Amino acid sequence: MPELALRVDDVSKHFGGLKAMRHVSLTLEAGERISVIGTNGAGKSTLFNCIAGTFPVSSGTIELFGENVTRTSAAQRARRGLARTFQTSRLFEQLTAAENVFIALGGNEFRGGLLRHFRRDTARWDRVARLLDRVGLDGRGPQPVADLSHGEQRQLELAMALALEPKLLMLDEPAAGFSPAERASLVTLLRELPQEISLLLIEHDMDIALAVASRVIVMHDGEKILEGTPDEIRASERVREIYLGGSIDHAA
Ligand SMILES: Nc1ncnc2c1ncn2[C@@H]1O[C@H](COP(=O)(O)OP(=O)(O)OP(=O)(O)O)[C@@H](O)[C@H]1O
């Protein structure tokens, strides 16, 4: 049987009286790519936050690489190989793009003083350059984050997530606010990620969600209502209805 990167088993999350997510189950094989789609408020981010350990679940079980992590912290899950991006930016605005990636690469190593590393660590600066190159930001390293476009900031976040050498990468709406050209490059970039990285993607843009994943999960009103291949999702009447009857290819 293939190794499972992730198993979500009957997970629910309540915020007070609000049942934001109910009885969701899914599995993700190692190296597999899955998209989670659904309209606003469907529970997609809640699912992500429960998997990442940002929110404790109300009930159910979460396993990462065969280990039950339901009661562990987000930091412990990160140490097991999970990296995620957020819908809102978590970049150090006053630093350059390259410095942000440099810090992401360092993790806890910088306790002895960051500046010392900044000056001397040429091997790490080489890795920074390679990561920036990989996400299409070559040449943008010296730019302060505040001078980067919105799209470039999201690319930078991806570089920072990749710096952690994740086994499971979770991206929360990576194309939000992207131009059509930026969307196209994101699809290429995600398709070219190393095959061993398992990917769980939340994406409003149906084109991207269906282009990148081999399986798609549809959430609606806190529940998983459908799971299928991109072709099955494209052909689904239910998905069409949820996305207001329009062509789902342009439902973002
Ligand atoms: N921290 C929170 N406290 C209270 N309610 C929350 C919290 N996070 C989410 N919710 C609620 O849970 C429900 C699901 O929200 P969630 O953000 O998971 O949906 P979503 O599918 O990610 O939507 P969007 O595409 O708009 O981000 C919503 O009703 C939302 O208001």
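This is a predicted model: local features need pLDDT of at least 70, side-chain atom pairs count only at pLDDT 80 or more; totals for chains, interfaces and linings use all residues.
Biologist: How do you know that the span of helix α5 agrees with its number of residues?

Modeller: Helix α5 comprises the 13 residues 122–134, which at 1.5 Å a residue should span 18 Å. The C-alpha atoms at its ends are 18 Å apart, so the two values agree.

Biologist: What makes Val 128, Leu 131 and Leu 132 the buried residues of α5?

Modeller: A residue is called buried if 20 or more other C-beta atoms lie within 10 Å of its own; in α5, Val 128, Leu 131 and Leu 132 are the residues classed as buried. They cover an arc of only 100° around the axis, and therefore lie on the same side of α5. In general, an α-helix has 3.6 residues a turn, so residues three or four places apart point the same way.

Biologist: Which exposed residues does the face turned away from the buried side carry, and what covers the buried residues?

Modeller: That face of α5 carries the exposed residues Thr 122, Ala 123 and Asp 126. The cover over the buried residues includes α3 (97–106) and α6 (150–163).

Biologist: Why is α3 called roughly perpendicular to α5?

Modeller: The axes of α3 and α5 cross at roughly 115° and come within 9 Å. Angles of 65 to 115 degrees count as roughly perpendicular, which is why α3 is described in that way relative to α5. The crossing is right-handed.

Biologist: Which residues of α3 and α5 meet?

Modeller: From α3, Ala 97, Ala 98, Val 101, Phe 102 and Leu 105 meet Arg 124, Trp 125, Arg 127, Val 128, Leu 131 and Leu 132 of α5.

Note on methods
Residues are numbered from 1 along each chain as its sequence is written. Helices (H or I, at least four residues) and strands (E, at least two) are DSSP runs, numbered from the N terminus. The expected span of a helix is 1.5 Å times one less than its number of residues. A residue is buried if 20 or more other C-beta atoms lie within 10 Å of its own, exposed if 12 or fewer, and partly exposed in between; C-beta atoms are placed from the backbone. The arc is that of the directions from the helix axis to the C-beta atoms. Two residues are in contact if their C-beta atoms, placed from the backbone, lie within 7 Å. Axes are lines fitted to C-alpha atoms, for helices over the stretch in contact, and angles run from 0 to 180 degrees between N-to-C directions. Angles under 35 degrees count as roughly parallel, over 145 as roughly antiparallel, 65 to 115 as roughly perpendicular and the rest as oblique. A crossing is left-handed if the near helix is turned anticlockwise from the far one by less than a right angle, and right-handed if clockwise.
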